[in-house]
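Colleague: Could you take me through the helices in this one? I have a few quick questions about how they are packed.

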Amino acid sequence: MKHKIILDCDPGHDDAIAILLAAHHPDIDLLAITTVAGNQSVEKTTRNALKVCSLANIRHVPIAKGMDRPLLRPARHAPDIHGESGMDGPHIPEPDIELDSRHGVDLLIELLLNSNGDITLVPTGPLTNIAAAMRREPAIVPKIAAISLMGGAIGLGNVTPAAEFNIHTDPEAAEIVFDCGRPITMVPLEVTHQALATGEVTARLRAAHRPVASFAADLLVFFASAYHNVFGFPAAPVHDPCAVAAIIDPTILRAHTMHVAIETTGHWTTGRTVCDVYGKVGKQPNTRVGYALDVNRFWDMVINTILSY
Ligand code: BDR
Ligand code: CA
């Protein structure tokens, strides 16, 4: 049985790889792509989603533009990691796919309300669209089968010492989502920092001499240089497809279930995902938190899917 998903993203180099994985993996039925402000403005992330889908000939998936800023805070982007366009590096032709006329939040609500409760949400950017949809139409919440999100960290953050970018950008939205009562898998930095696009990964993509695989390799080369410049990493951690992979094969993650709270008022710690590993706060566990990735299976899944274009 295929997993029905909606990918809510802010492309973004790694979001682009998540789109390619979700749109062509035989076990996934990608119902829609909704975009959000995050790595760049929502205008740019939306354009990037349209470009990826045009280049890869993904024409059966509606793409709808969502929220242009966090619920309460000013927009914050990541040009140091993703460039001014949000997807710098490869030359990408102009998109030839039309944007869906619905607002991303409206599309989320419509698809969930009309579903049988069998849709999994896969957010790979700030959680603004998901939280806004839950607030606007609370009847969607029991319709959400599960949420598999890239965000947060058990330990160190990447935008501050305490917080990861997606959660730090809109912590109030994250708090709404983590408190929603539906099954959540959190794919944190501890997992995604294992998904390194090594030279071997890009070589496997290049060896195919196929346009989509070459595009993916070009994305990863730019991403690697950004991660080298900003963090001194030897290769780029390809965060977002890990949240898709966790649906296709839940055993690809090792995970523990625990309570996760979101820090919204900290001086140094805003956006921290407070993971109660030892059950200290006495709250009902709300999240399955990944801590390790089967790296070889992950890359086989991602590369084989990209080579199928
Ligand atoms: C997350 O932030 C963005 O830069 C990436 O696309 C990913 O979703 C990693 O912290
Ligand atoms: Ca992202």
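Colleague: What span should the 21 residues of helix H10 have at 1.5 Å a residue, and how far apart are its end C-alpha atoms?

Modeller: This is a predicted model, and in it helix H10, residues 211-231, should span 30 Å at 1.5 Å a residue, which agrees with its end C-alpha atoms being 30 Å apart.

Colleague: Which residues of H10 are buried?

Modeller: The buried residues of H10 are Val212, Ala213, Phe215, Ala216, Ala217, Leu219, Leu220, Phe223, Ala226 and Tyr227. As a general point for reading such a list, an α-helix has 3.6 residues a turn, so residues three or four places apart point the same way.

Colleague: Switching to packing, how do H4 and H5 cross?

Modeller: The axes of helix H4 (residues 104-113) and helix H5 (residues 128-136) come within 9 Å and cross at roughly 60°, which makes H4 oblique to H5. The crossing of these two helices is right-handed.

Colleague: Which residues make that contact?

Modeller: On the H4 side they are Val105, Asp106, Leu108 and Ile109, while H5 brings in Asn129, Ile130, Ala132, Ala133 and Arg136. Taken by class, the residues of the contact of H4 with H5 divide into six nonpolar, one polar and two charged.

Colleague: What about H5 and H7, at what angle do they pack?

Modeller: H5 packs with helix H7 (residues 171-178) at an angle of about 60°, and their axes are 8 Å apart, so H5 and H7 are oblique to each other. Here H5 passes H7 in a left-handed crossing.

Colleague: Which residues are in contact there?

Modeller: From H5 the contact takes in Thr128, Ile130, Ala131, Met134 and Arg135, and from H7 it takes in Ala173, Ile176 and Val177. The residues of the contact of H5 with H7 divide into six nonpolar, one polar and one charged. Ile130 is listed for H5 in its contact with H4, and Ile130 is listed again in the contact with H7.

Colleague: New topic, then: where is His91 found, and does it count as buried or exposed?

Modeller: His91 is found in the loop between helix H3 (79-82) and H4, and at 73% relative accessibility His91 counts as exposed, because the cut-off for that class is over 50%.

Technical notes
Residues numbered from 1 in each chain as written. Chains lettered and ligands numbered in written order. Predicted model: local features only at pLDDT ≥ 70, side-chain atom pairs only at ≥ 80, totals over all residues. Heavy atoms only, no water. Axes fitted to C-alpha atoms, helices over the stretch in contact; angles between N-to-C directions. Helix = DSSP H or I, 4+ residues; strand = E, 2+ residues; numbered from the N terminus. Parallel < 35°, antiparallel > 145°, perpendicular 65-115°, else oblique. Left-handed = near helix turned anticlockwise from the far one by under 90°. Contact = heavy atoms within 4.5 Å. Nonpolar A, V, L, I, M, F, W, Y, C, P; charged D, E, K, R; others polar. Expected span 1.5 Å × (residues − 1). Buried < 20%, exposed > 50% of the residue type's maximum accessible area, 1.4 Å probe, protein only.
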